[in-house]
Amino acid sequence: MPELPEVETTRNGLAPHLIGARINKILLRRPNLRWPIPVEIQTLNGQFITAITRRAKYLLMHTDAGSALWHLGMSGSLRVLDADVQPREHDHVDWQLDSGKILRFYDPRRFGCLMFQAPDTMHPLLAALGPEPLTELSSEHASPNLPEFTADYLYERSRGRSQVVKSFLMDQATVVGVGNIYVAESLFQARVKPQRAAGSLNRSECTRLVNAIQGILRHAIARGGTTLRDFINPDGAPGYFEQELFVYGREGEPCKVCGQPIKAAKLGPRQSLYCGKCQR
DNA sequence: AGGTAAACCTGGACGC
DNA sequence: TGCGTCCAGGTTTACC
(Lines give C-alpha, C1' and ligand atoms only; values in the text may rest on other atoms or scores of the structure.)
Protein backbone atom coordinates (compact mmCIF):
# COMPACT_ATOMS: atom_id res chain seq x y z
CA MET A 1 0.00 0.00 0.00
CA PRO A 2 2.08 2.78 1.27
CA GLU A 3 4.98 4.66 -0.16
CA LEU A 4 6.88 7.35 1.69
CA PRO A 5 4.07 9.95 1.74
CA GLU A 6 1.58 7.47 3.19
CA VAL A 7 4.05 6.32 5.84
CA GLU A 8 4.88 9.92 6.69
CA THR A 9 1.15 10.71 6.88
CA THR A 10 0.75 7.78 9.24
CA ARG A 11 3.61 9.05 11.38
CA ASN A 12 2.14 12.53 11.55
CA GLY A 13 -1.25 11.17 12.53
CA LEU A 14 0.08 8.81 15.17
CA ALA A 15 2.57 11.09 16.87
CA PRO A 16 0.16 13.21 18.96
CA HIS A 17 -1.54 10.06 20.27
CA LEU A 18 1.57 8.03 20.94
CA ILE A 19 4.32 10.33 22.15
CA GLY A 20 4.40 10.21 25.92
CA ALA A 21 1.94 7.33 26.09
CA ARG A 22 2.68 4.24 28.17
CA ILE A 23 2.33 0.83 26.52
CA ASN A 24 0.18 -1.15 28.92
CA LYS A 25 -0.17 -4.35 26.91
CA ILE A 26 0.88 -5.70 23.54
CA LEU A 27 -1.72 -8.10 22.15
CA LEU A 28 -0.72 -10.31 19.23
CA ARG A 29 -3.68 -12.06 17.58
CA ARG A 30 -1.26 -14.12 15.50
CA PRO A 31 2.41 -14.95 16.01
CA ASN A 32 3.63 -13.72 12.65
CA LEU A 33 3.10 -11.20 9.93
CA ARG A 34 5.59 -11.42 7.11
CA TRP A 35 8.04 -12.82 9.65
CA PRO A 36 7.54 -14.11 13.19
CA ILE A 37 7.03 -11.26 15.63
CA PRO A 38 10.04 -11.59 17.96
CA VAL A 39 9.31 -12.35 21.61
CA GLU A 40 11.50 -9.38 22.57
CA ILE A 41 8.70 -7.09 21.42
CA GLN A 42 7.23 -7.67 24.87
CA THR A 43 10.24 -5.78 26.24
CA LEU A 44 8.26 -2.66 25.32
CA ASN A 45 5.52 -3.48 27.81
CA GLY A 46 5.30 -0.82 30.47
CA GLN A 47 7.56 1.53 28.50
CA PHE A 48 6.79 5.10 27.48
CA ILE A 49 6.94 6.02 23.80
CA THR A 50 9.48 8.80 23.50
CA ALA A 51 9.46 9.38 19.73
CA ILE A 52 8.10 8.05 16.46
CA THR A 53 10.33 8.32 13.41
CA ARG A 54 10.42 7.08 9.86
CA ARG A 55 13.28 5.56 7.89
CA ALA A 56 12.41 4.76 4.26
CA LYS A 57 8.99 3.10 4.46
CA TYR A 58 9.59 1.84 8.01
CA LEU A 59 8.12 3.41 11.13
CA LEU A 60 10.03 3.26 14.41
CA MET A 61 8.41 3.73 17.79
CA HIS A 62 11.05 4.39 20.41
CA THR A 63 11.25 3.70 24.11
CA ASP A 64 14.15 3.59 26.56
CA ALA A 65 14.08 -0.23 26.36
CA GLY A 66 14.18 -0.49 22.58
CA SER A 67 12.13 0.32 19.52
CA ALA A 68 9.35 -1.25 17.51
CA LEU A 69 10.07 -1.41 13.79
CA TRP A 70 6.98 -1.56 11.60
CA HIS A 71 6.51 -1.95 7.87
CA LEU A 72 3.04 -1.59 6.37
CA GLY A 73 3.76 -3.83 3.38
CA MET A 74 1.12 -3.54 0.66
CA SER A 75 -2.05 -3.50 2.71
CA GLY A 76 -1.10 -2.53 6.25
CA SER A 77 -2.41 0.39 8.25
CA LEU A 78 -2.01 1.68 11.80
CA ARG A 79 -4.80 3.52 13.56
CA VAL A 80 -5.50 4.86 17.02
CA LEU A 81 -8.94 3.88 18.30
CA ASP A 82 -10.96 3.85 21.50
CA ALA A 83 -10.24 0.69 23.44
CA ASP A 84 -13.79 -0.62 23.12
CA VAL A 85 -13.79 -0.73 19.30
CA GLN A 86 -14.18 -4.39 18.33
CA PRO A 87 -11.42 -5.85 16.14
CA ARG A 88 -12.17 -6.86 12.56
CA GLU A 89 -10.68 -9.75 10.67
CA HIS A 90 -7.02 -8.96 9.89
CA ASP A 91 -6.62 -6.66 12.90
CA HIS A 92 -3.48 -8.52 13.93
CA VAL A 93 -1.89 -6.41 16.67
CA ASP A 94 -3.19 -4.09 19.41
CA TRP A 95 -1.15 -1.94 21.77
CA GLN A 96 -3.21 -0.91 24.74
CA LEU A 97 -2.16 2.52 25.93
CA ASP A 98 -2.57 4.19 29.29
CA SER A 99 -4.63 6.90 27.58
CA GLY A 100 -7.48 4.43 27.10
CA LYS A 101 -6.76 4.26 23.38
CA ILE A 102 -5.34 1.40 21.38
CA LEU A 103 -2.89 1.39 18.52
CA ARG A 104 -4.26 -1.19 16.06
CA PHE A 105 -2.49 -2.79 13.09
CA TYR A 106 -4.60 -4.08 10.20
CA ASP A 107 -3.03 -5.96 7.30
CA PRO A 108 -4.97 -8.45 5.15
CA ARG A 109 -2.05 -9.52 2.98
CA ARG A 110 0.41 -9.69 5.85
CA PHE A 111 3.36 -8.35 3.86
CA GLY A 112 3.97 -5.96 6.73
CA CYS A 113 6.13 -6.69 9.74
CA LEU A 114 6.66 -5.83 13.40
CA MET A 115 10.23 -6.28 14.58
CA PHE A 116 12.23 -5.31 17.64
CA GLN A 117 15.29 -3.09 17.60
CA ALA A 118 17.48 -3.05 20.69
CA PRO A 119 18.70 0.29 22.04
CA ASP A 120 21.68 1.78 20.21
CA THR A 121 21.54 -0.78 17.42
CA MET A 122 20.33 -0.69 13.84
CA HIS A 123 18.05 -3.46 12.70
CA PRO A 124 19.47 -5.41 9.72
CA LEU A 125 16.42 -4.46 7.65
CA LEU A 126 17.63 -0.85 7.74
CA ALA A 127 21.25 -1.56 6.91
CA ALA A 128 21.23 -1.52 3.11
CA LEU A 129 18.88 1.40 2.57
CA GLY A 130 19.96 4.31 0.40
CA PRO A 131 19.58 8.02 1.10
CA GLU A 132 16.33 9.68 2.09
CA PRO A 133 14.91 11.73 -0.79
CA LEU A 134 13.84 14.66 1.42
CA THR A 135 16.67 16.10 3.47
CA GLU A 136 14.29 17.99 5.76
CA LEU A 137 12.77 14.64 6.78
CA SER A 138 15.97 12.60 6.96
CA SER A 139 15.92 10.70 10.19
CA GLU A 140 18.79 10.29 12.57
CA HIS A 141 18.54 6.56 11.88
CA ALA A 142 20.11 6.85 8.49
CA SER A 143 23.76 5.99 8.44
CA PRO A 144 25.72 9.20 8.96
CA ASN A 145 27.90 8.50 5.95
CA LEU A 146 25.07 8.13 3.45
CA PRO A 147 25.33 10.39 0.42
CA GLU A 148 22.80 13.14 -0.14
CA PHE A 149 20.15 12.51 -2.79
CA THR A 150 21.32 14.93 -5.46
CA ALA A 151 21.56 14.98 -9.25
CA ASP A 152 25.29 14.29 -9.01
CA TYR A 153 24.66 11.29 -6.80
CA LEU A 154 22.01 9.90 -9.14
CA TYR A 155 24.17 10.48 -12.19
CA GLU A 156 27.24 8.78 -10.74
CA ARG A 157 25.30 5.88 -9.31
CA SER A 158 23.51 5.17 -12.56
CA ARG A 159 26.69 4.94 -14.68
CA GLY A 160 27.04 1.59 -16.40
CA ARG A 161 23.67 0.34 -15.25
CA SER A 162 21.58 -1.48 -17.83
CA GLN A 163 18.59 -1.80 -15.49
CA VAL A 164 15.53 0.17 -16.57
CA VAL A 165 15.38 3.53 -14.84
CA LYS A 166 12.01 2.75 -13.29
CA SER A 167 13.34 -0.30 -11.42
CA PHE A 168 16.54 1.56 -10.57
CA LEU A 169 14.56 4.33 -8.84
CA MET A 170 12.34 1.87 -7.00
CA ASP A 171 15.41 0.05 -5.67
CA GLN A 172 15.55 1.18 -2.02
CA ALA A 173 19.34 1.09 -2.22
CA THR A 174 19.25 3.90 -4.81
CA VAL A 175 16.82 6.14 -2.93
CA VAL A 176 14.24 5.15 -0.35
CA GLY A 177 10.52 5.72 -0.24
CA VAL A 178 9.66 5.70 -3.95
CA GLY A 179 7.22 2.97 -5.02
CA ASN A 180 5.09 2.21 -8.05
CA ILE A 181 2.82 5.26 -7.90
CA TYR A 182 5.37 7.96 -7.26
CA VAL A 183 7.99 6.55 -9.59
CA ALA A 184 5.47 6.75 -12.43
CA GLU A 185 4.50 10.31 -11.53
CA SER A 186 8.13 11.40 -11.11
CA LEU A 187 9.20 9.93 -14.45
CA PHE A 188 6.30 11.71 -16.12
CA GLN A 189 7.15 15.04 -14.55
CA ALA A 190 10.82 14.60 -15.48
CA ARG A 191 9.77 13.59 -19.03
CA VAL A 192 11.81 10.37 -18.88
CA LYS A 193 10.46 7.09 -20.30
CA PRO A 194 10.38 4.39 -17.62
CA GLN A 195 11.99 1.75 -19.86
CA ARG A 196 15.18 3.74 -20.47
CA ALA A 197 18.38 2.20 -19.16
CA ALA A 198 19.50 3.95 -15.97
CA GLY A 199 22.97 4.33 -17.46
CA SER A 200 21.59 6.33 -20.39
CA LEU A 201 20.45 9.25 -18.21
CA ASN A 202 22.29 12.51 -18.79
CA ARG A 203 22.98 15.08 -16.10
CA SER A 204 20.02 17.23 -17.00
CA GLU A 205 17.66 14.24 -16.77
CA CYS A 206 19.10 13.34 -13.37
CA THR A 207 18.45 16.89 -12.20
CA ARG A 208 14.88 16.72 -13.46
CA LEU A 209 14.33 13.36 -11.78
CA VAL A 210 15.64 14.49 -8.40
CA ASN A 211 13.52 17.65 -8.55
CA ALA A 212 10.45 15.67 -9.63
CA ILE A 213 10.82 13.01 -6.93
CA GLN A 214 11.30 15.61 -4.20
CA GLY A 215 8.52 17.88 -5.40
CA ILE A 216 5.99 15.10 -5.83
CA LEU A 217 6.75 13.47 -2.48
CA ARG A 218 6.46 16.82 -0.70
CA HIS A 219 3.23 17.63 -2.45
CA ALA A 220 1.76 14.19 -1.70
CA ILE A 221 2.66 14.52 1.98
CA ALA A 222 0.94 17.91 2.07
CA ARG A 223 -2.17 16.23 0.60
CA GLY A 224 -2.13 13.40 3.16
CA GLY A 225 -0.94 10.78 0.69
CA THR A 226 -2.72 8.84 -2.03
CA THR A 227 -5.81 6.80 -1.27
CA LEU A 228 -6.40 3.92 -3.67
CA ARG A 229 -8.50 1.09 -2.37
CA ASP A 230 -8.29 1.61 1.37
CA PHE A 231 -5.46 3.79 2.61
CA ILE A 232 -6.59 5.98 5.48
CA ASN A 233 -4.54 7.96 7.92
CA PRO A 234 -4.52 7.08 11.62
CA ASP A 235 -7.49 9.37 12.25
CA GLY A 236 -9.56 7.68 9.57
CA ALA A 237 -9.30 10.28 6.81
CA PRO A 238 -8.29 9.43 3.22
CA GLY A 239 -5.47 11.09 1.27
CA TYR A 240 -6.23 13.49 -1.52
CA PHE A 241 -3.27 13.12 -3.86
CA GLU A 242 -4.97 10.69 -6.25
CA GLN A 243 -6.90 13.60 -7.74
CA GLU A 244 -3.57 14.91 -8.97
CA LEU A 245 -2.13 11.80 -10.56
CA PHE A 246 -0.99 12.32 -14.16
CA VAL A 247 -0.27 8.75 -15.25
CA TYR A 248 -0.74 6.20 -12.47
CA GLY A 249 -4.02 4.34 -12.90
CA ARG A 250 -4.87 6.28 -16.08
CA GLU A 251 -4.19 3.77 -18.87
CA GLY A 252 -5.96 4.87 -22.06
CA GLU A 253 -7.07 8.18 -20.59
CA PRO A 254 -5.78 11.37 -22.23
CA CYS A 255 -2.49 12.80 -21.02
CA LYS A 256 -3.25 15.95 -19.04
CA VAL A 257 -0.43 17.72 -20.89
CA CYS A 258 -0.66 16.59 -24.55
CA GLY A 259 -3.90 14.63 -24.82
CA GLN A 260 -2.35 11.40 -26.10
CA PRO A 261 -3.65 8.22 -24.42
CA ILE A 262 -1.55 7.12 -21.43
CA LYS A 263 0.28 3.87 -22.19
CA ALA A 264 0.95 0.87 -19.99
CA ALA A 265 3.98 -1.43 -20.09
CA LYS A 266 5.15 -4.32 -17.96
CA LEU A 267 8.58 -3.55 -16.54
CA GLY A 268 9.76 -6.42 -14.51
CA PRO A 269 6.55 -7.84 -13.14
CA ARG A 270 4.91 -4.49 -12.54
CA GLN A 271 2.64 -2.16 -14.42
CA SER A 272 4.23 1.08 -15.60
CA LEU A 273 2.15 3.98 -16.84
CA TYR A 274 3.61 6.71 -19.03
CA CYS A 275 2.94 9.11 -21.87
CA GLY A 276 4.62 8.03 -25.09
CA LYS A 277 4.79 11.60 -26.35
CA CYS A 278 5.78 13.61 -23.27
CA GLN A 279 8.33 11.10 -22.00
CA ARG A 280 11.49 10.34 -23.97
C1' DA B 1 28.06 -8.01 -9.20
C1' DG B 2 24.09 -6.87 -11.62
C1' DG B 3 19.77 -8.26 -13.03
C1' DT B 4 15.65 -11.08 -13.07
C1' DA B 5 12.10 -14.37 -11.32
C1' DA B 6 9.76 -16.46 -7.53
C1' DA B 7 8.08 -16.16 -3.10
C1' DC B 8 5.26 -14.43 0.68
C1' DC B 9 -0.62 -13.40 1.39
C1' DT B 10 -5.72 -11.92 0.79
C1' DG B 11 -9.47 -9.68 -1.55
C1' DG B 12 -11.62 -7.48 -5.25
C1' DA B 13 -12.63 -7.07 -10.17
C1' DC B 14 -13.46 -9.29 -14.21
C1' DG B 15 -14.75 -12.94 -17.76
C1' DC B 16 -17.14 -17.06 -18.77
C1' DT C 1 -24.59 -17.19 -8.47
C1' DG C 2 -20.19 -19.52 -9.01
C1' DC C 3 -15.65 -20.39 -10.34
C1' DG C 4 -11.21 -19.47 -12.37
C1' DT C 5 -7.85 -15.87 -13.45
C1' DC C 6 -5.50 -11.78 -12.85
C1' DC C 7 -4.25 -7.78 -10.47
C1' DA C 8 -2.85 -4.79 -6.40
C1' DG C 9 0.69 0.94 -3.09
C1' DG C 10 6.46 -4.04 -1.19
C1' DT C 11 10.65 -6.43 -0.36
C1' DT C 12 13.45 -10.55 0.47
C1' DT C 13 15.44 -14.61 -1.37
C1' DA C 14 17.00 -17.62 -4.63
C1' DC C 15 18.84 -18.00 -8.91
C1' DC C 16 21.16 -16.92 -13.62
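The model is predicted, and local features need pLDDT of at least 70, side-chain atom pairs count only at pLDDT 80 or more, and totals for chains, interfaces and linings use all residues. Residues are numbered from 1 along each chain as its sequence is written, chains are lettered from A and ligands numbered from 1 in the order in which they are written, and side-chain values use heavy atoms, with hydrogens and water left out.

Two packed helices are described by the angle between their axes and the distance between the axes. Helices here are DSSP runs of H or I with at least four residues, numbered from the N terminus. Axes are lines fitted to C-alpha atoms over the stretch in contact, and angles run from 0 to 180 degrees between N-to-C directions.

Helix H4 (residues 180-190) packs against helix H5 (residues 203-222) at an angle of about 130°, and their axes are 8 Å apart. H4 and H5 are therefore oblique to each other, a term for angles that are not under 35 degrees (roughly parallel), over 145 (roughly antiparallel) or 65 to 115 (roughly perpendicular). The crossing of H4 past H5 is right-handed, meaning that the near helix is turned clockwise from the far one by less than a right angle. In contact (heavy atoms within 4.5 Å), Tyr182, Glu185, Ser186, Leu187, Gln189 and Ala190 of H4 meet Arg208, Leu209, Ala212, Ile213, Ile216, Leu217 and Ala220 of H5. This contact has nine nonpolar, two polar and two charged residues; Ala, Val, Leu, Ile, Met, Phe, Trp, Tyr, Cys and Pro count as nonpolar, Asp, Glu, Lys and Arg as charged, and the others, Gly among them, as polar.

Helix H2 (residues 151-158) also packs on H5: their axes come within 8 Å and cross at roughly 125°. That makes H2 oblique to H5, and their crossing is right-handed. Residues of H2 in this contact include Leu154 and Tyr155, and those of H5 include Cys206 and Val210. The contact has six nonpolar, two polar and three charged residues.

Helix H1 (residues 4-18) and H5 have axes that come within 9 Å and cross at roughly 40°. Leu4, Pro5, Glu8 and Thr9 of H1 meet Leu217, Ala220 and Ile221 of H5.

Sugar and phosphate account for 57% of the atoms of DNA strand B that come within 4 Å of the protein. An N or O atom in the side chain of His90 is 2.7 Å from a phosphate oxygen of DNA strand B, and a polar side-chain atom of Arg110 lies 3.0 Å from a phosphate oxygen.

Definitions and conventions. Helix = DSSP H or I, 4+ residues; strand = E, 2+ residues; numbered from the N terminus. Near = heavy atom within 4 Å. Polar contact = N/O pair within 3.5 Å; in protein donor to acceptor, adjacent residues only side chain to side chain.
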